Amino acid sequence: MKSDIKAGIIVFPGTNCDIDTQRACKFYGWQTEFIWHDEKNLDKYDVIFLPGGFSYGDYIRAGRLAKFSPAVMALKDYVKAKRGFVVGICNGFQVLCETKLLPGILSTNTNTKFICEEVDLCVNHEGFPDTVKFAIAHGEGRYIADEAVLEEIAAKDMIFLRYNDNPNGSALDIAGLYDKANRIIGMMPHPERGVFTETGNTDGRYFFEMLERELNKNLCACKYTACSQGEEY
Amino acid sequence: MQTIELYKALGLTDFEYEEIRKRIGREPNELETYLFSAMWSEHCGYKHSRKYLSLFPSGGAVSHGENAGGVRIGDHVVVFKVESHNHPSAVEPFQGAATGIGGIVRDILAIGARPVALLDSLKFGKITDNFSKHIFDGVVQGISHYGNCIGVPTVAGEVNFDESYGDSPLVNVMCAGVVHKDKIRSARAESGKIVIAVGSHTGRDGIHGASFASKELNENSKEDRPSVQVGDPFIKKVLIEATLEILALDEVQSCQDFGAAGLLSSSSEMAFKGECGIDLHLDKVHLREEGMQPWEIMLSESQERMLFIVEPEAAGKVLDIAAKYDIPASIIGKTTDSGRYRLFWHGEKAADLPPESLAESVKYTLNEQEPEYINQFRNKKLEETTAVEIAIGKIISNPNFASKKWIYRQYDHTVGTRTVLKPGEAGAAGIWLHEENGVVGLTIDSSPRQVFLNPYEGGRVSIWEACRNLISGGFEPMGMTNCLNYGNPEKDEVAYQFIKSVEGLARACKEAGIPVVSGNVSFYNESPQRRVYPTPSIGIVGYMDSPDKAVKSSFKPDETLILIGKDIDNNSNIGGSLYHRALYDFIGGEIDTVDPQLEESLKQIIFNLRDQKLLGGCIDVSEGGLFGAVFEGIKNGNTGFVGSLINISDKEKALFGEITGRYVISTKEFEKTQEILRSKQIPYRKLGYCRDNKLEFDGYTFDPAQLYYLYDRSIDLEMNE
């Protein structure tokens with residue numbers, strides 16, 4: 001299975017879900033590359049992953065320091081140019097919020113402890129069953145934002161995942177956001193841990209398959225544009 | 001200070017000092033005296049244990065005698081080792097436990113293996129005791145913080161609360177890693193190479209950590225707090241990636257981590273193992289603070305440092321990789337053909353010793369007389385009884401039996417996307433070895449009460465108990481590692497416990513056909529008031545060739561439950577059973593002895609039933625006895641049970657008594673299963689059926705939902721008080 005999709009996975013010092021994310025992408029035959037945090041141009045990728053981990057040690061606050069890295073600066077250009085998709089998982093979601101590419105922030109879980117378990121999530125997107133089970137593994141996953149922001153999120157229909165049984169105290173049970181206009185997805189749960197039958201849970205495939213559909217649309221559109229400009233493909 | 005006064009202050013005995021003088025043919029200078037005091041400490045030198053550890057069989061182990069050993073699986077090697085961080089955790093639980101992980105991860109890394117799983121064996125005083133609660137909470141948080149950050153899943157473990165650990169908690173951490181068989185690195189150095197230190201700056205932390213770990217804890221132990229190192233998992237995570245990238249270079253010959261006794265122990269062992277010389281220039285080591293003396297640089301146990309031996313032309317490549325990861329690195333010396341271990345300070349020779357004089361400390365012979373307590377405790381009889389209804393409530397809510405979810409929920413156990421069997425799902429954890437398309441089984445376990453009552457037979461019990469964890473999950477046991485936690489070996493009682501249990505462990509490993517690939521010894525786990533039970537923590541690694549073969553410890557609705565193996569009768573020896581301790585604070589009586597032939601045939605039958613698709617779930621019967629096994633299985637399967645568990649007049653013994661060699665299995669096809677059990681002459685007893693929302697046996701009726709709540713919540717409630 002070979003695909004034209006080119007996925008870039010940003011690796012900060014302290015990132016630890018980079019290999020897991022790569023294995024999930026490869027399962028779908030996508031071409032993948034790791035992008036070291038000092039990279040300044042992301043244009044060649046159709047989708048950029050910000051994987052889980054503890055970027056730069058998560059000092060000050062989770063995701064806080066990563067926003068100053070060259071790769072994240074480049075990510076802002078990537079979004080501005082509407083080049084492709086951005087997916088932030090766990091620490092990646094924290095980075096997206098700290099960078100203001102998504103609204104709100106993620107703070108310490110209400111029980112002050114790290115929580116690792118599989119949780120039921122309600123998905124607000126077509127192509128998913130009513131409930132999916134994804135793994136969570138975080139100490140700072142409590143989504144918070146002020147009233148106005150929460151209203152805006154609801155108005156723009158940005159809530160992508162909600163916890164059925166909120167484990168960390170997130171506002172509106174928010175587990176993930178999807179800014180469709182800018183094609184940015186951020187979530188605390190780990191769909192990349194739910195791809196292989198060998199590890200028991202394959203609900204993560206719903207996410208990757210949704211992403212693949214979206215990316216293929218995008219690839220077609222790109223090729224079409226390229227073609228209309230007279231280039232061969 | 002004169003070196004004569006110095007050696008005493010550093011903990012060397014007159015005999016040892018005399019031996020040092022004899023070996024080097026002169027008085028050691030001040031720096032050399034420091035070096036010997038660290039290398040000949042119990043922690044580094046194993047001087048009280050080495051003689052006995054040679055009993056362990058190592059045939060079949062890969063890279064035995066290195067930083068960690070392993071077992072071969074296809075083209076890969078699973079490397080594993082367990083190590084203690086008891087003393088640091090007793091005074092500073094969070095950092096103590098965290099750096100314990102750091103240390104064992106470096107051992108695995110030094111072989112060239114990527115760490116893929118962590119396990120831990122934890123022992124604390126009673127959970128109701130505030131001090132023990134504080135240590136427990138800190139240790140779990142330390143493991144959580146460190147393990148989660150470095151991205152290595154913590155997949156299994158055991159925890160035990162008993163008064164005997166009240167002053168000396170035990171924190172044993174096991175790590176497993178995977179490496180291609182052709183990529184294994186050794187700690188052996190050859191001459192003519194460059195020595196490079198990579199990682200954190202060397203500071204004054206952890207100096208004398210090795211000596212600190214080699215004495216009893218007392219009320220002054222908190223003053224030893226500066227001997228506890230502080231770890232940084234972020235730097236460790238970066239160091240892991242940098243080390244693996246450096247070891248991928250063909251020109252890198254060997255690698256050592258900086259563990260106990262830091263630069264001294266790592267470099268002298270390299271020279272000793274490689275039978276070459278080494279010259280180190282201590283003024284070239286990158287330091288965190290000014291004014292550090294040579295002995296401080298040599299003994300520092302600052303975390304997150306690795307030592308590499310590389311071909312001269314590749315030194316630049318190593319430094320470049322370190323620079324990419326923003327990790328400091330310095331060329332600090334070279335290997336030579338001089339056969340001498342030499343240290344230089346600003347160009348002047350500061351120490352000059354034969355490496356073997358440091359690496360091979362004295363070996364002591366220990367007392368083998370059976371201490372009096374053994375007979376006293378064996379002859380003790382338990383006279384009290386408790387009503388079954390009350391006993392069950394107490395067992396289920398006892399923290400040694402109750403659900404450990406409060407702990408493992410704080411550990412990232414799925415990072416790495418390899419976890420096939422998660423904590424609580426089966427007798428052992430399962431890590432997907434996708435490189436070979438099989439599953440590695442991992443367990444860590446111990447049977448300290450049994451070892452206390454009968455060190456030799458208890459040693460055998462410990463090995464087979466750990467094997468049964470793997471077998472119940474569907475894994476063939478492959479190799480063993482251990483951490484031997486005892487009191488002060490200079491005391492006769494402890495010496496006997498140590499020698500006899502090591503003999504028992506060694507024999508059981510031979511019986512089970514598994515090599516001992518690595519290990520660690522921790523003595524002096526005692527205070528003036530209390531001494532820990534002799535506690536060998538046993539880590540065993542197993543394998544199954546397909547993820548489909550995994551067996552869970554859960555029983556499903558409408559399955560039939562069968563006990564296979566030994567059955568309990570009025571004469572069974574059940575000394576050391578958890579219920580004695582949990583209900584009566586009692587320990588005594590004879591312990592059951594292992595029947596290796598029966599154990600082997602039980603393993604075969606479990607695999608046979610599994611392969612014929614007749615096996616539902618499987619649990620080895622251990623703490624909590626037959627009731628405990630049935631309860632766990634129906635709880636995991638979210639069902640209930642109707643049948644009979646009591647076969648003798650002593651109801652508590654029938655329900656909770658612990659003997660070896662038995663499992664509870666479940667099946668949807670009882671007739672076929674029974675036929676196979678009969679044909680293979682496996683002793684068995686049909687117990688009953690799984691029925692949702694019911695728990696009824698021998699005239700007793702319980703509400704399963706209520707008991708499940710108690711089981712799930714008791715540690716939670718204790719910790720959130």
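**Figure 1. Salt bridge between E83(B) and K81(B) in the predicted model.** The side chains of E83(B) and K81(B) form a salt bridge with an N to O distance of 3.6 Å. K81(B) has a relative accessible area of 10% and is buried. The structure is a predicted model, and a search of all of it finds 64 salt bridges over all chains.

**Figure 2. Salt bridge between E368(B) and K500(B).** The N to O distance for the side chains of this pair is 4.0 Å. E368(B) belongs to the loop between α14 (355-359) and α15 (372-378) of chain B, while K500(B) belongs to helix α20 of chain B, so the bridge ties together parts that are 132 residues apart in sequence. E368(B) is partly exposed, at 43% relative accessibility, whereas K500(B) is buried, with a relative accessible area of 18%.

Figure 3. Helix α20(B) comprises 21 residues, 492-512. At 1.5 Å a residue the helix should span 30 Å, and this agrees with the 30 Å between its end C-alpha atoms.

Figure 4. In the salt bridge of E600(B) with K603(B), the closest N and O atoms are 3.4 Å apart. Both residues lie in helix α22 (residues 596-611) of chain B; because they are three residues apart, about one helical turn separates them. E600(B) is partly exposed at 33% relative accessibility, and K603(B) is buried at 7%.

**Figure 5. Open sheet of chain A.** Nine strands of chain A form an open sheet with mixed pairing, in the order β2-β1-β3-β4-β11-β10-β9-β6-β7. The edge strands are β2 (31-36) and β7 (131-138) of chain A; each has a single partner strand, so one side of each lacks a neighbour in the sheet. From one strand to the next, the twist averages 20°. Six bridges join β1 (residues 6-11) of chain A to β2(A) in the parallel sense, and K6(A) has Q31(A) in β2(A) as its bridge partner. Helix α3 (residues 91-98) of chain A lies across β3, β4, β10 and β11 of chain A, at about 115° to β4(A).

**Figure 6. Nonpolar cores.** The largest nonpolar core contains 138 residues, and W30(A), F49(A), F160(A), F207(A) and I564(B) have the most contacts inside it. Helix α20(B) supplies the largest share of this core, 10 residues. A second, separate core of 61 residues includes A98(B), V159(B), C175(B) and V179(B).

Notes. Residues numbered from 1 in each chain as written. Chains lettered and ligands numbered in written order. Predicted model: local features only at pLDDT ≥ 70, side-chain atom pairs only at ≥ 80, totals over all residues. Heavy atoms only, no water. Helix = DSSP H or I, 4+ residues; strand = E, 2+ residues; numbered from the N terminus. Expected span 1.5 Å × (residues − 1). Pairing = 2+ DSSP bridges. Axes fitted to C-alpha atoms, helices over the stretch in contact; angles between N-to-C directions. Contact = heavy atoms within 4.5 Å. Core = buried A, V, L, I, M, F, W, Y, C linked by side-chain atoms within 4.5 Å. Buried < 20%, exposed > 50% of the residue type's maximum accessible area, 1.4 Å probe, protein only.
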